[in-house]
Structures are given as C-alpha cells and as structure tokens.
Amino acid sequence: MDLRRARNRLAARLLGMFPGLVDRWARGRRFAQEGAEEGAGEADPWAPLAKPLTRCRVALVTTGGVHLRSQPPFDMRNPDGDPTFREIPAGTPRGNLVITHDYYDHRDADRDLNVILPLDRLEELAREGRVAGPAPLHLGFMGHVDGPLVERLIRETAPAAARRLAEAGADAVLLAPA
C-alpha cells in the first residue's frame with residue numbers, strides 16, 4: 001500500500017473517531033451548490049412509485065465501494081475519487097464481494113456487509129411480503145468523488161446507472177451511503 005492510501009485510511013479512522021472533524025471538514029466544501037450553479041441537479045430527484053411497494057423489485061445502490069472480486073477495484077490513486085459504478089448481480093455469494101474504499105473506516109462493513117449493502121435485510125423484506133423481491137441487479141459506487149469528477153458523476157454516470165437499473169427491471173432503488 002502506498003503512502004497516500006495509508007494516509008487516507010488513517011484520516012478515515014480519525015474522522016470516524018471524532019465526528020466533529022467531519023462537520024469542520026464539510027463546512028469548507030461546496031458539494032451540491034457547485035452543480036446547482038451550473039444548472040445541474042435542479043430537477044426533482046424523487047419519482048413516485050408506479051405500483052405498490054409490495055409489487056416492486058428493489059435494487060440497492062451503495063456508495064461503500066463494494067464490487068465483485070472479479071471486477072476492477074475503484075481508483076484509489078486519483079485524489080478526486082472514482083465516478084464509475086460496478087454491477088452486483090442479485091444472488092452473488094457474499095464471499096465474492098469486496099470493498100475498495102480508503103475514505104471511510106469499513107472494518108464493521110468488512111465483518112457484516114449489510115452495514116453498507118443490506119442484501120440480507122432486503123431479502124427479509126421480500127420474505128415478509130413487504131417488497132416483491134430484490135431486483136436482478138444492484139450497484140456499487142465509491143462514494144468519494146470530488147473536483148472535476150463531480151460533473152462526470154452528475155451528467156454521465158448517474159444517468160447511466162439509473163438506465164441500467166431500469167433496464168434490469170428495478171422498480172425502486174434504495175441508496176445505502178457509506
């Protein structure tokens with residue numbers, strides 16, 4: 001592991017131990033305002049359900065850096081992050097999933113993936129009849145995206161992800177942020 005990745009992992013653990021540091025860091029950021037100033041993001045991001053939730057197949061989207069072991073890991077070398085996503089087919093054995101993300105402390109998620117990708121909870125909701133079932137596809141993002149990559153995330157990656165989930169038959173999507 002290179003020095004930058006080690007530094008990022010240490011910073012993530014410290015921020016987890018001292019949440020006040022996260023607030024201090026966030027105050028210096030411009031997040032959504034950047035996109036809004038350029039006209040992006042003004043559309044309502046919510047959509048009404050077209051059918052009752054009990055008839056919906058639900059996809060999960062995590063920003064926890066989850067992907068299949070066989071897929072390329074998220075880019076940890078670019079300090080602005082990685083705006084791409086990875087497809088996670090429903091029914092993938094948990095042992096085939098891995099987390100690539102240096103910007104949060106994911107030791108708990110390493111022990112129980114449901115912390116950031118609640119596949120078991122979704123399956124429980126399906127068994128209880130609260131949803132029709134998991135969608136055939138879920139998505140993993142690496143939630144650290146900054147600088148010029150934010151524009152790419154908003155204008156290219158997010159619409160492509162939404163199209164992909166719709167094509168796969170997802171009726172609803174739950175975001176599980178890391």
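Select α1 (3–17) and α2 (19–27), each of which supplies at least two residues of a nonpolar patch; helices here are DSSP runs (H or I, at least four residues) and strands likewise (E, at least two), numbered from the N terminus. This is a predicted model, in which local features need pLDDT of at least 70 and side-chain atom pairs count only at pLDDT 80 or more, while totals for chains, interfaces and linings use all residues. Residues are numbered from 1 along each chain as its sequence is written, and side-chain values use heavy atoms, with hydrogens and water left out.

Next, show the side chains of Leu-10, Leu-14, Leu-15, Met-17, Phe-18, Leu-21 and Val-22, which together form the surface patch and have about 600 Å² of accessible area. Its largest share, four residues, comes from α1. Patch members have over 30% relative accessible area and no salt bridge, and nonpolar side chains (Val, Leu, Ile, Met, Phe, Trp, Tyr) are joined within 5 Å; a salt bridge is a side-chain nitrogen of Lys or Arg within 4 Å of a carboxyl oxygen of Asp or Glu. Areas come from the Shrake-Rupley method with a 1.4 Å probe, and for residues only the protein chains shown count as cover.

Finally, select Arg-86 and Phe-74: Arg-86 lies over the face of Phe-74, at 4.1 Å from the ring centre, where the rule asks for NZ of Lys or CZ of Arg within 6 Å of the ring centre and within 35 degrees of the ring normal.

Key. Patch = residues over 30% accessible without salt bridge, like charges linked within 9 Å, V, L, I, M, F, W, Y side chains within 5 Å.
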